[in-house]
Amino acid sequence: MQLYNYFRSSASYRVRIALALKGLDCELLPVHLLRNEQLAAPFAALAPSKLVPLLVDDDQQLAQSMAIIEYLDETHPEPALLPGDAAARARIRALAQDVGCEIHPLNNLRVLRYLVHELKVSEEDKTRWIRHWVETGLEAIEHRLQHPSTGRFCHGDTPTLADCVLVPQIHNAQRFQCRTDHLPTVMRVFEACMRLDAFSTTQPSAYPEPA
Ligand SMILES: N[C@@H](CCC(=O)N[C@@H](CS)C(=O)NCC(=O)O)C(=O)O
């Protein structure tokens, strides 16, 4: 397998975590987002969305990090990243989508570039925008985690899809100096995850800054 990714991309980091949790070998192919490599051939020819990550598995080209993680979970079931019954899996997907659908898209590079370059939003207001959506979005997750199914991790005592998606968002929150003091359960889960090699060895700071 090959994963087109960018070291600091949180959607890419989600997939790197899932690959590591499952102990799968995968070649990492960098797409340098700040150099706009996602917008041009050869990557853009493979990915009409012009977004990383993209997983290539034999003749399959798979986009969307959460779909990729579900694909890995179906093709390599152990350890299960969507364990339990239908209700448990719905809860895990909801937590993942709280990040992947409600927080991350508002703060993606192309959205921030549009704010600054097209709408002439100042750097200061751009940072306010990021912090607002990250802090309020994570607050909703903090509330959702006040549930008997929350364990050491978002759902139970083993990492799931929800942790694969939450942890990279916390790295982004820290990068943009967002408040996290209103998120005791989120941060407890984050710290439990970061004690695992699958999360720590795949984090952005584990990779050299591209030249
Ligand atoms: N929903 C997509 C989001 C992918 C995405 O937004 N990737 C970002 C990096 S985290 C990207 O490629 N941004 C490039 C750009 O904004 O130009 C997924 O989960 O894979």
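## The ligand and its pocket

In this predicted model, the ligand takes up the space of the largest pocket. Which elements give two or more residues to the shell around the ligand? They are helix H1, covering residues 10-21, and helix H5, covering residues 109-118. H1 makes the largest contribution to that shell, with 3 residues.

In total, 15 residues surround the ligand. The closest are Gln38, Val52, Gln64, Ser65 and Asn108. If you sort the shell by class, you will find 6 nonpolar, 7 polar and 2 charged residues.

## Polar contacts with the ligand

Now take a look at some individual atoms. Glutamine 64, one of the closest residues, places a polar side-chain atom 2.7 Å from a nitrogen atom of the ligand. Asparagine 108 is also listed among the closest residues, and a polar atom of its side chain lies 2.7 Å from an oxygen atom of the ligand. For arginine 14, the distance from a polar side-chain atom to an oxygen atom of the ligand is 3.1 Å.

How much of the ligand does the protein bury? On its own, the ligand would expose 520 Å², and the protein buries 92% of that.

## The chain as a whole

What about the overall dimensions? Along the principal axes, the C-alpha atoms fill a box of roughly 45 × 45 × 30 Å. The radius of gyration of the chain is 17 Å, which agrees with a compact globule, because a globule of 211 residues would have a value near 17 Å.

Begin with the loop between helix H2 (43-46) and strand E3 (54-57), where proline 53 has its place. The peptide bond from valine 52 to proline 53 is cis, and its omega is near 10°. Phi of lysine 50 is near 60°, a positive value in a residue that is not glycine.

Another cis bond runs from glutamate 78 to proline 79, with omega near -15°. Where does proline 79 lie? You can find proline 79 in the loop between helix H3 (65-75) and helix H4 (86-100).

Terms used: Residues numbered from 1 in each chain as written. Predicted model: local features only at pLDDT ≥ 70, side-chain atom pairs only at ≥ 80, totals over all residues. Heavy atoms only, no water. Near = heavy atom within 4 Å. Polar contact = N/O pair within 3.5 Å; in protein donor to acceptor, adjacent residues only side chain to side chain. Areas by Shrake-Rupley, 256 points an atom, 1.4 Å probe, with all protein chains shown as cover. 1 Å grid on protein atoms, 1.4 Å probe; cavity = no way out; pocket = protein on both sides within 12 Å on 5 of 7 lines; lining within 4 Å. Sits in = over half its atoms within 2 Å of the grid points. Helix = DSSP H or I, 4+ residues; strand = E, 2+ residues; numbered from the N terminus. Nonpolar A, V, L, I, M, F, W, Y, C, P; charged D, E, K, R; others polar. Rg over C-alpha atoms; globule rule 2.2 N^0.38 Å.
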